[in-house]
Amino acid sequence: MPLPQPLTTHVEELLARGGDAPVTVQRADELYGGSINDAYRLETTAGRFFLKVNTADRFPSPFKTEVQGLELLRAAGTLRVPDVVAHGELGGTTFLLMEFIAHAEEDRDFQARFGRSLAKLHRHTHGSFGLDHDNHIGLLPQVNTPHKDWAEFLVQCRFEPLVKMARDGRRIHPGDVLRFERLYGKLKDWIPAEMPALLHGDLWKNNYIAADDGQAVLIDPAVYYGHREMDLAMTKLFGGFDRDFYEAYQEEEPLEKGWEERVDLCNLYPLLVHLNLFGGSYANRVGAALRKYV
Ligand code: ADP
C-alpha cells in the first residue's frame with residue numbers, strides 16, 4: 001500500500017519539529033517481512049527513517065506499548081534498540097516512526113556478543129513477575145498483572161487467557177484444553193525458581209537486526225519481567241540463533257540444569273499466540289508440545 005499523503009505530510013512535520021529547515025519525504029519504499037504491520041523505509045531530506053503503520057481499529061493502542069517496551073530495554077543499556085522519533089494516530093491510521101537500522105551480515109563473533117548481552121539484560125530484575133502495565137505480543141493483548149510466583153504468573157497471565165481465547169474461537173482441540181489444566185498443577189515442580197528477569201518477550205529471529213555497527217538491535221518487544229528461559233526458548237521456536245549464542249549466554253549467566261527440556265514447555269506460550277493469530281497447523285504444534293509434559 002502506498003503511504004497515504006496526509007501521513008507523509010504529518011511525518012514531514014514531525015521530522016521538521018525542533019529544526020530550522022522544512023523536511024521532505026523523497027521516497028517511501030515498502031518493506032516486507034513483517035507479519036502484522038505495513039512497514040516503510042523513508043528517504044527524507046533529514047535522513048533515512050523506518051515507519052510502520054496499522055489501522056486504529058485493528059490496533060487501538062497506537063504502538064504505545066511497543067514504545068514503552070523499547071524504552072525499558074534501552075534503559076537496561078545492554079542491547080541496542082532503535083531510537084523512537086514519534087508515534088501516534090492520524091485519521092484512523094496508527095504509526096510508529098523510528099531510526100532506520102541498516103541491516104548487515106553477522107560477523108564471526110556476532111552471535112556470541114549477542115548471547116552475552118542478552119544474559120546481561122536478564123540480570124535486570126524486579127520485585128515481581130509481570131509489569132506495571134499490560135502490553136501486546138503481536139496484535140494480541142498481553143496480561144502482565146504482577147505475581148510473586150512464576151508458575152502462577154505463567155498460568156494466570158500467559159496460558160489461561162490464550163487457552164480461553166483459542167477455545168472461544170474453536171481453534172484448539174478440546175482434549176488439549178484439558179491437558180493444559182492438568183499441566184498447571186505440575187509447573188511449580190518442573191520450573192526452577194529464578195528471579196524475575198527483564199525479557200524481550202518475543203525473541204525470535206525476525207525480532208532482532210544485525211546492524212552495520214556489529215550490534216544486535218532488538219525490535220518488536222513484548223517486554224515483561226519473567227523467567228529468562230522464556231526468552232531462550234523463544235529463540236529456538238523458529239531457529240536462527242547459533243551455538244555460539246547459547247555458549248556465550250551460559251558463560252555469562254549459566255542457566256539451571258535441564259533448561260533445554262523445558263524449551264517446549266515455555267514455547268507453549270508463543271505457540272498459543274500463533275494459534276490465536278494464525279490458527280491452522282499451530283493447533284497440532286500446541287498439542288504435540290503439550291503431550292511431552294502431560
Ligand atoms: P511486524 O509486522 O512483525 O511488526 P516489523 O514491522 O517490525 O514487523 O518489520 C517489518 C520489516 O522491517 C522487517 O523486515 C524488519 O526487519 C524491518 N525493520 C523493523 N524495524 C526496523 C528498523 N527500525 N529499521 C530497519 N528495518 C526495520
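User: Between which two strands does the loop that holds Asp-220 lie?

Analyst: In this predicted model, Asp-220 has a phi of about 50 degrees, a positive value in a residue that is not a glycine. Its relative accessible area is 26%, so Asp-220 counts as partly exposed. The loop that holds Asp-220 runs between strand E10 (216–218) and strand E11 (224–226).

User: Is His-200 buried or exposed, and what is its relative accessible area?

Analyst: His-200 sits in the loop between strand E8 (197–199) and strand E9 (208–210). Leaving aside neighbours within four places in sequence, its contacts include Leu-73, Leu-121, Asp-220 and Asp-231. Buried means under 20%. His-200 is buried, with a relative accessible area of 0%.

User: What is the phi of Arg-170?

Analyst: Arg-170 belongs to the loop between helix H4 (150–168) and helix H5 (174–184). With a relative accessibility of 78%, Arg-170 is exposed. Most residues other than glycine have a negative phi. Arg-170 is not a glycine, yet its phi is positive, at about 55 degrees.

User: How far apart in space are Gly-127 and His-227, C-alpha to C-alpha?

Analyst: Gly-127 is placed in the loop between helix H3 (110–122) and strand E6 (135–137). Its relative accessible area is 53%, and exposed means over 50%, so Gly-127 counts as exposed. Gly-127 and His-227 are 100 residues apart in sequence, while their C-alpha separation in space is 13 Å.

User: How many of the eleven residues of helix H10 are buried?

Analyst: Helix H10 covers residues 268–278 and is mostly covered. Among its buried residues are Leu-268, Tyr-269, Pro-270, His-274 and Asn-276. After H10 comes Gly-279, with a positive phi near 60 degrees. Of the eleven residues in H10, the number buried is nine.

User: Into which domains is the chain divided, and what distance separates their centres?

Analyst: The division gives domain 1 (5–99) and domain 2 (110–290). Their contact draws on 21 residues from domain 1 and 28 residues from domain 2. Taken over C-alpha atoms, the centres of domain 1 and domain 2 are separated by 27 Å.

User: What is the radius of gyration of the chain, and what does the globule rule give for 294 residues?

Analyst: The chain contains eleven helices and eleven strands. The radius of gyration is close to the value from the globule rule, so the chain is as compact as a globular protein of that length. Along the principal axes, the C-alpha trace spans about 60 × 45 × 35 Å.

User: What percentage of the contacts with a separation of 6 or more is accounted for by residues 24 or more positions apart?

Analyst: Of the 294 residues in the chain, 53% are buried. Among contacts with a separation of 6 or more, the share from residues 24 or more positions apart is 65%.

User: How far apart do the centres of the positive and negative side chains lie?

Analyst: The accessible surface of the chain comes to about 13,700 Å², with 49% belonging to carbon and sulfur atoms. The chain carries 33 positive and 43 negative side chains. The centres of these two sets lie 6 Å apart.

How values were computed: Residues numbered from 1 in each chain as written. Predicted model: local features only at pLDDT ≥ 70, side-chain atom pairs only at ≥ 80, totals over all residues. Heavy atoms only, no water. Helix = DSSP H or I, 4+ residues; strand = E, 2+ residues; numbered from the N terminus. Rg over C-alpha atoms; globule rule 2.2 N^0.38 Å. Buried < 20%, exposed > 50% of the residue type's maximum accessible area, 1.4 Å probe, protein only. Contact = heavy atoms within 4.5 Å. Areas by Shrake-Rupley, 256 points an atom, 1.4 Å probe, with all protein chains shown as cover. Lys, Arg positive; Asp, Glu negative; His and termini not counted. Charge placed at Lys NZ, Arg CZ, Asp CG, Glu CD. Domains from an automatic or database assignment.
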